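Okay, thanks for coming, everyone.

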Amino acid sequence: MKQKIRIASGQGFWGDLQTAPFEQVTKGPVDYVMMDFLAEVTMSIMQKQKTRNPELGYAKDVVHIIEQILPICVEKNIKVVTNGGGVNPKACCDAILKVAEKHHYRNVKVGIVLGDDILDRMEELSKNGIKLNNMETGESIDNIGQKILSANVYFGALPIVEALKQNAQFVITGRTTDTGLTLAPMMYEFDWKENDWNKLAAGTVAGHILECGAQSSGGNFSADWESVPDMANIGFPIAEAYPNGEIIITKHESLGGKVSRQTVSEQLLYEIGNPKEYITPDCVADFTSIQLEEAGENRVKMFGVKGKPATDFFKVSMSYLDGYVAFATLTYAWPDALKKAQVADEILRVRLKKLGLEFEEIRTEFLGYNSCHGPLSNSVGEINEVVLRIGVRGHDHNSVEQFGKEIAPLILTGPPSVTGFAGGRPKPSEVIAYWPALIRKNVVKSEVKVY
Amino acid sequence: MKIQLLQICHARSGDKGDTANVGLIAREQQYYSVIEKYVTADVVKKHFEGICFGKVERYELPNLWALNFLLYNALGGGGTKSLKNDAQGKTLSSALLRLEIDVKEKLHI
């Protein structure tokens, strides 16, 4: 058994710094790279792409990134685990194998995890009395029945461990939890059992720290953002894991950024609910038991994490079509910038009303004045310019489209010194809403294949 | 003495559906008892009047010198549905750091 492994974070979301994985495998020793690509509604976007072309439906970045790092991964035996397979891990796998072949790496093994996509099973599940009601609001699934765009079960670390056991060097999954991507290599390398709750919790917490990329190594850091060195070359975090469940969070020394008690704490608090119960398919981690200790420059030791048994449920992430939105912006300049933007807003609302258009909500914000902190914003003196930002949402496509036609006329028929309308008419875009539910673990089964 | 949270804390926020989470972390361990005492769920609910339209829940994490707040009905319907510029509540962390508390203790800041 290895005495320690280093797991590097390579991507925090679909669209993150493309160079990060290459930096992670070249600037120092690592054993694994984990890359998280999936946000809650990403699956529905991928589902649409797959509908148009059965060879799509995954994060194409995965293939480009793996092409960049492939020779180094092979040379140093670095393994890559990612959920970028989206709704089509097989297509992603094929694309990677093609790239490997192109570069004459014929022995590369790619593992995929299937079974999370239950969109095709909705009817069968319903017939068997399995109701995927909204776990937050309690609303019945019957209310969105025909509008469901995607439905995916969040698997945990176990299928990835299985793929690693079958010698996969690249593991591509669909909807796996972000934390499972990091926990799996630890379970595999250190032979942690499925009921080593404290260790699984430690690996899960490490996964939570890595899952948002550089957000734990100095990015988006609120304590002293100006003190973060060389943010242009920010290093992504690395979890150095030990068999007993101790973890050191660190980064490559030659890269920028910063790992401190403060940067790690901010990430620990990110998007959590009840800290006593951080629920994943692998365990329930208690964040109030996490101990942090600075252990050298850019090294934070994490220990003492307590875990509890996993629940009998998987979370299901569903998305459905829920109307349309459109946004418009216009920029008003000094003098009286704010007043002019406010009057323009009033004029627009009168015109929309006159046309009898239907919206669920119209929202106006003044960027540069109050768009972020609303009523908490300090009143400021004369401002040089302000951006009027108006959004509408509704189920009537026509109304949302008509709204787009009412913006440009404001330029010649409203208050003066207005600009910033170069993008053309705002077009309605679909609202893809999120629907979380729970499903008993025995109803779904993951499937691992290695090619 | 009056203290603005910005002086003694840092923070990060994010979203879960229509609920925003704001993690508030004391810059030093000694400040944790101060925020624990003065930054109650009620105080935060009042601070976010006009932004948060639901309840506010508070959780304590003394090990991390931190409090976690959940602000329900604060994001205009949440993520993809919201018409807000800050649809995911990413700047609510700095909005909380605006809060001023009146503390009895003498603090060296």
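So, starting with charges: chain B and chain A share three salt bridges. One pair to click on is B:Arg27 with A:Asp224, where the closest N and O atoms sit 3.4 Å apart. Keep in mind that this is a predicted model.

Moving on to polar contacts, there are 30 residue pairs between chain B and chain A, both partners at pLDDT 80 or more. Which elements of chain B give two or more residues to that side? They are strands E2 (9-16), E3 (19-26), E4 (56-61) and E5 (66-71), along with helix H4 (92-97). E2(B) gives the most, with seven residues. And if you sort that side of chain B by class, you get 13 nonpolar, 15 polar and ten charged residues.

Now the totals. On the chain B side, 38 residues are in contact with 50 residues of chain A. About 3800 Å² is buried between the two chains, and carbon and sulfur atoms give 54% of that. In chain B, the residues losing the most area to chain A are B:Arg12, B:Leu64 and B:Leu83, together 23% of what that side buries.

Last stop, helix H8 of chain A, residues 197-210. Is H8(A) enclosed or open? Eleven of its 14 residues are buried, so the rest of the structure largely encloses this helix. Among the buried ones are A:Leu200, A:Val205, A:His208 and A:Ile209.

Note on methods
Residues are numbered from 1 along each chain as its sequence is written. Chains are lettered from A and ligands numbered from 1 in the order in which they are written. This is a predicted model: local features need pLDDT of at least 70, side-chain atom pairs count only at pLDDT 80 or more; totals for chains, interfaces and linings use all residues. Side-chain values use heavy atoms; hydrogens and water are left out. Contact means heavy atoms within 4.5 Å. Buried area is the accessible area (1.4 Å probe) that two parts lose on being put together, summed over both. A salt bridge is a side-chain nitrogen of Lys or Arg within 4 Å of a carboxyl oxygen of Asp or Glu. A polar contact is a pair of N or O atoms within 3.5 Å; within protein, one must be able to donate a hydrogen and the other to accept it, and residues adjacent in sequence count only if both atoms are side-chain atoms. Helices (H or I, at least four residues) and strands (E, at least two) are DSSP runs, numbered from the N terminus. Ala, Val, Leu, Ile, Met, Phe, Trp, Tyr, Cys and Pro count as nonpolar, Asp, Glu, Lys and Arg as charged, and the others, Gly among them, as polar. Buried means under 20% relative accessible area, exposed over 50%, partly exposed in between (1.4 Å probe, protein chains only).
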